[in-house]
Each structure stands twice: as structure tokens, then as C-alpha cells.
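Reader: Before we discuss individual residues, could we look at the sequence and the model together, so that every later answer can be checked against the atoms?

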Amino acid sequence: MNRTDRLYALVEELRVMAPRPRSGRWLADRFEVSVRTIERDINALQQAGTPIWAEPGRTGGYCLDPSRTLPPINFTAPEAVAMAIALENMAGTPFQQAAQTALRKLLAAMQGSDAAAARELASRVHLLGPTTDLPPVPALLADALSSRKVLRIDYQDRDGATTTREIEPLGYVGTPTHWFLVGWCRLREDIRAFRTDRITASVTTAETPEPRTLRAEDTQHPLR
């Protein structure tokens with residue numbers, strides 16, 4: 001279990017037990033780590049704003065305030081990523097730290113599988129600057145990654161020429177001026193970045209392609 005998953009699991013364990021405590025030794029045995037690691041994890045959660053406190057004594061341990069916590073939230077992966085992108089745009093404002101804390105709380109309150117799906121989807125969205133003033137992306141293109149289907153698009157290049165292509169959506173790149181859909185272009189047999197405002201028509205096919213890995217360098221294709 002990696003640390004992120006362990007932090008989520010710690011909160012869930014304490015939430016289920018609340019208001020009864022769990023000892024550091026019990027938690028260490030449960031997650032197969034040292035007591036010192038549990039102490040560091042609890043401190044990290046407290047720094048993030050999670051309402052955990054320690055009760056002293058032989059029957060004491062760590063407690064979670066049930067009145068200030070939420071049960072698992074059934075946000076979809078796209079909904080969670082939408083919130084993450086909105087919070088990311090708080091960077092550089094007086095609320096940057098609060099936005100980061102809110103995002104950690106959001107992920108901690110989600111079901112484990114939903115949180116994992118949100119992290120995977122978020123890894124495919126790359127922001128190269130603020131995107132708050134961009135026009136909205138059509139719903140079908142916005143759902144391209146979560147639908148996991150091949151798209152058939154009509155694409156207009158910078159010279160006005162239009163081609164019809166089938167693409168396997170892999171990710172999004174947002175710049176201060178445009179959104180791009182990154183995908184495997186079957187016409188060019190390569191990774192391409194498509195400016196969403198130049199996609200003049202699109203259809204979701206019934207085909208589910210084999211998964212492809214989106215590498216960091218794949219998001220560096222010319223964005224024009």
C-alpha cells in the first residue's frame with residue numbers, strides 16, 4: 001500500500017470507529033508499518049485539516065471527530081477532476097493553501113476505487129497556465145476520456161483544410177488560450193494534439209481501443 005492509499009485508509013478506519021479511539025500500535029499492525037510511520041501519517045493528516053486528536057491513557061489512541069467528517073462521497077472521477085482543476089486555478093491567490101487542503105479532503109472522503117479512478121484521470125490532464133477564461137469544450141469532447149471510446153472527428157487545420165480522422169483519446173492539455181485533446185491519430189499513426197475549437201464535428205463510436213500509455217513527452221507535441 002502506498003502512502004496516499006494508507007492515508008485514505010487511516011481516515012476511513014478512524015471514521016468507522018469514531019468516536020472510539022484506535023491505538024498507534026493497533027494501526028501500525030493493521031497497515032504493516034512502524035508506529036513512527038503512523039505518527040507521521042497522523043501528523044500529515046492533522047496538518048491537512050483532518051480533525052484527528054489523541055486521547056491519552058491505556059485505552060486511548062487516535063480519534064476522529066465524527067461531527068466534522070463525511071462518509072464516502074459518490075463523486076465520479078470526472079466530477080472530482082473538475083473540482084481539482086478549479087482548485088488548481090487558485091494557485092497564486094490567498095486561498096492556495098486552503099484549496100490544496102480542500103482537495104485532500106475531497107479525495108479522502110471518496111470511495112477508494114473512485115478516488116483511484118480520479119487520480120488516473122487527473123494524470124491525463126495537463127495545465128500549462130490558467131484556463132479560467134477559455135470557452136467551454138463541447139460535452140462529447142469533454143467526456144472523451146471517461147467514455148473510453150474511439151472518436152470520429154472532422155478537424156480543420158490552420159489553413160482551413162478539413163480531414164476526417166479516428167482518434168483514441170489519451171489526455172487533455174490546457175493553455176491560457178486553448179484546450180487540446182491529445183490522442184492517437186489513426187490517420188497519421190502517431191500521437192497528435194487537436195485544438196478543440198477546430199474540431200467541427202465529432203461522433204463517439206462503439207469501439208473501445210486497447211489502452212495506451214500517455215507519456216509526459218506526448219503532451220509536448222506542437223500546440224498550435
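**Surface, loops, helices and cores**

Reader: What is the relative accessibility of Glu-207, and is the residue buried or partly exposed?

Author: Glu-207 is found in the segment after β8, where helices (H or I, at least four residues) and strands (E, at least two) are DSSP runs numbered from the N terminus. With a 1.4 Å probe and protein chains only, buried means under 20% relative accessible area, exposed over 50%, and partly exposed in between. Glu-207 therefore counts as partly exposed, its relative accessibility being 37%.

Reader: What kind of model is this, and which pLDDT is asked of side-chain atom pairs?

Author: Residues are numbered from 1 along each chain as its sequence is written, and side-chain values use heavy atoms, with hydrogens and water left out. The model is predicted, so totals for chains, interfaces and linings use all residues, whereas local features need pLDDT of at least 70 and side-chain atom pairs count only at pLDDT 80 or more.

Reader: Which residues is Glu-207 in contact with, leaving aside its neighbours within four places in sequence?

Author: Contact means heavy atoms within 4.5 Å. The C-alpha atoms of Glu-207 and Asp-157, 50 residues apart along the chain, are separated by 26 Å. Leaving aside neighbours within four places in sequence, the contacts of Glu-207 are Arg-148, Lys-149, Val-150 and Arg-186.

Reader: Where is Glu-32, and what is its phi?

Author: Glu-32 lies in the loop between α2 and α3, and at 74% relative accessibility this residue counts as exposed. Just after α2, Glu-32 takes a positive phi, although the residue is not a glycine, and the value is near 55 degrees.

Reader: Which loop holds Glu-189, another residue with a positive phi?

Author: Glu-189 is not a glycine, yet its phi is positive, at about 55 degrees. The residue counts as exposed because its relative accessibility is 60%. Its place is in the loop between β6 and β7 (190-195).

Reader: Why do the buried residues of α2 lie on the same side of the helix, and what arc do they cover?

Author: The buried residues of α2 are Gly-24, Leu-27, Ala-28 and Phe-31. They lie on the same side of α2 because their arc, taken from the directions from the helix axis to the C-beta atoms, is only 100 degrees.

Reader: Which elements are included in what covers those buried residues of α2?

Author: An α-helix has 3.6 residues a turn, so residues three or four places apart point the same way. The cover over the buried residues of α2 includes α1, α3 and β2 (61-64).

Reader: At what angle do the axes of α1 and α3 cross?

Author: The axes are lines fitted to C-alpha atoms, for helices over the stretch in contact, with angles running from 0 to 180 degrees between N-to-C directions. Angles under 35 degrees count as roughly parallel, over 145 as roughly antiparallel, 65 to 115 as roughly perpendicular and the rest as oblique, so α1 and α3 are roughly perpendicular to each other. Their axes come within 10 Å, and the crossing angle is roughly 80 degrees.

Reader: Where is Thr-50, and which residues is it in contact with beyond four places in sequence?

Author: Thr-50 sits in the loop between α3 and β1 (52-55), and with a relative accessible area of 15% the residue is buried. Leaving aside neighbours within four places in sequence, Thr-50 is in contact with Val-11, Leu-45 and Leu-64.

Reader: Which residues does Thr-196 contact beyond four places in sequence?

Author: Thr-196 belongs to the loop between β7 and β8 (199-204), and at 11% relative accessibility this residue counts as buried. Leaving aside neighbours within four places in sequence, its contacts are Val-137, Leu-141, Trp-179, Phe-180 and Leu-181.

Reader: Which members of the largest nonpolar core touch the most other members?

Author: A nonpolar core is a set of buried Ala, Val, Leu, Ile, Met, Phe, Trp, Tyr and Cys residues joined through side-chain atoms within 4.5 Å. Of the 24 residues in the largest such core, those that touch the most other members are Met-110, Leu-151, Ile-153, Ile-167, Tyr-172, Leu-181 and Phe-194.
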